[in-house]
Amino acid sequence: MQLFDGAQEWLSSLWSGDTWLNAAWFSVAGWTWIFAGVLVVGGFAVALAALSATRARALRRKQDAALSVKIDAETEALKKELRRRLSEQPKLFDDHLNGAPTLGAREAFESDIAAAMASVLREAGGERRKAREILQARIRKDGSAGSGKLNGSEARYWRQIGALALVDGSRDAIIAYRRAADLAPQDPEGQLLLGVLQLRSGDLPAAEAAFLRQIELARGSANATLRYRGRTMLGDVRAARHAMDEALSSYLDAKSEIEGLLLTSPDSVPLNRDLSVTLDRIGDIHFSKGDLAQALASYKAGLGIAEGLARAAGKNNLDLLHDLSVSYERIGDLFDKKGDLAGALEHFRKGLALSKALVRTDPGNRQWSWDLSASYERVADVLHAQGHADEALASYRKGLAIAERLLEGIGIGDASAHRDLAVSYHKIGSLEAMRGNGAEARDLLEKGRNIIATLDRIAAHRAQWRSDLSKFDAALKTLH
């Protein structure tokens with residue numbers, strides 16, 4: 001009995017606070033709970049971190065997607081603006097060469113913009129000025145020091161800089177493309193792009209040299225397209241300096257080369273389009289020399305091709321419909337010159353119908369809207385000559401409304417467009433005067449006179465401005 005009592009007392013003492021076992025038990029139990037708590041808290045922390053990382057990745061994906069949308073939209077906007085700039089009149093021709101297609105140059109410029117998008121526009125957050133700065137910094141860091149890091153990419157970077165500058169309307173584009181041509185002297189496409197820019201800037205000797213170099217470099221079947229396009233653009237330069245026989249020779253050489261290529265690729269849309277464009281240019285030369293029969297034959301040959309292309313692919317290539325409208329207007333001009341007013345009106349109305357359709361499809365295209373305004377005026381001129389004053393006035397008014405809208409808020413920088421607007425004011429003002437609407441006539445004629453007076457004041461300072469521009473150009477060259 002005593003033994004039992006002693007054992008019970010010993011067991012009781014194990015659970016009392018007076019023994020190490022009691023302390024050890026609670027110590028182990030406490031650490032177990034602490035450890036469990038740490039696990040729980042740690043689990044929450046890991047889960048929270050994972051959730052945070054997931055949200056961060058989702059946010060980055062969302063930001064990347066938004067940036068991609070922005071870059072894609074900016075790229076399309078850049079291409080659209082580039083098309084508008086390349087369709088603007090070069091301000092150095094007085095005939096049909098105004099706004100003439102640049103035979104592949106636009107596509108090459110657009111390719112340079114796409115390359116800029118892929119290489120740097122995303123890094124620049126879609127900001128093209130910043131993109132140009134990044135490209136220039138890369139060239140300074142990796143190219144100028146002769147490190148070889150660019151691996152021959154320097155010329156491509158300069159082309160990307162030039163394309164972005166061209167969209168901004170900067171003369172830096174010529175400087176950049178000239179630098180690219182210097183770095184890739186064996187590239188015929190580089191000569192084409194430089195030549196187009198020099199032609200449109202009015203530097204005819206430099207443009208002629210570039211196109212001659214392009215033709216020389218474009219040897220072999222792989223460069224056949226660039227070779228004949230160089231000949232056509234060379235013809236444009238020679239036409240611009242009124243060397244009509246030389247221009248005709250260049251166009252005929254281009255025509256012969258295109259026809260040779262069509263023997264093996266008769267259904268090629270680019271080849272057929274270029275042939276139609278070249279035939280129109282040949283017709284322009286005959287027209288300027290007064291050979292209307294030859295001009296009409298060439299125009300009709302070009303028109304036949306343009307009509308076929310428009311029927312086959314016009315819905316998917318609106319440029320083909322625009323080409324066709326221009327062909328109709330060329331023939332209309334020729335019939336008007338011959339005194340065949342009915343023939344002129346027929347072709348002008350066909351051109352007008354196409355211009356309307358193009359503007360409905362793309363209301364934001366300023367060049368097509370301007371072409372529509374001009375089409376209304378051509379129709380009105382013939383109606384007026386036929387004695388249909390009321391119909392003529394209605395057509396003039398429609399064209400005037402478009403021109404006023406397009407030039408509203410725009411400075412006088414585009415002198416040619418503002419002069420056209422002044423001419424429209426004169427035509428409509430004169431008709432209103434004939435109808436006895438003196439107040440309306442005076443208002444219109446005064447608007448037109450104010451435009452011409454402003455242009456006259458600008459012309460008085462033009463020589464000084466050219467001198468100033470040359471100083472800016474010289475200073476800019478030192479930066480590249």
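**Notes on the predicted model**

1. Of the 21 residues of α13, 15 are buried, so this helix is largely enclosed by the rest of the structure. The model is a predicted one. From first C-alpha to last, α13 reaches 31 Å, close to the 30 Å expected at 1.5 Å a residue. Just after α13, G339 has a positive phi of about 90 degrees.

2. Helix α12 (residues 292–313) has 22 residues and spans 31 Å between its end C-alpha atoms, close to the expected 32 Å. Its buried residues include L292, L296, Y299, L303 and A306. The buried residues of α12 pack against α11 (269–288) and α13 (318–338).

3. The count of salt bridges is 32. One of them joins E246 and R238, at 3.6 Å from N to O. E246 is partly exposed at 38% relative accessibility, whereas R238 is buried at 16%.

4. K289 and D245 form a salt bridge, with their closest N and O atoms 2.8 Å apart. K289 is in the loop between α11 and α12 and D245 in helix α10 (residues 244–262), so that the pair links distant parts of the chain, 44 residues apart. K289 is partly exposed at 45%; D245 is exposed at 55%.

5. R435 and D390 meet in a salt bridge of 2.4 Å, N to O. Since R435 lies in the loop between α17 and α18 and D390 in helix α16, the pair ties together parts 45 residues apart in sequence. Both belong to a network of salt bridges that links D390, R397, E432, R435 and E440.

Key
Residues are numbered from 1 along each chain as its sequence is written. This is a predicted model: local features need pLDDT of at least 70, side-chain atom pairs count only at pLDDT 80 or more; totals for chains, interfaces and linings use all residues. Side-chain values use heavy atoms; hydrogens and water are left out. Helices (H or I, at least four residues) and strands (E, at least two) are DSSP runs, numbered from the N terminus. The expected span of a helix is 1.5 Å times one less than its number of residues. Buried means under 20% relative accessible area, exposed over 50%, partly exposed in between (1.4 Å probe, protein chains only). Contact means heavy atoms within 4.5 Å. A salt bridge is a side-chain nitrogen of Lys or Arg within 4 Å of a carboxyl oxygen of Asp or Glu.
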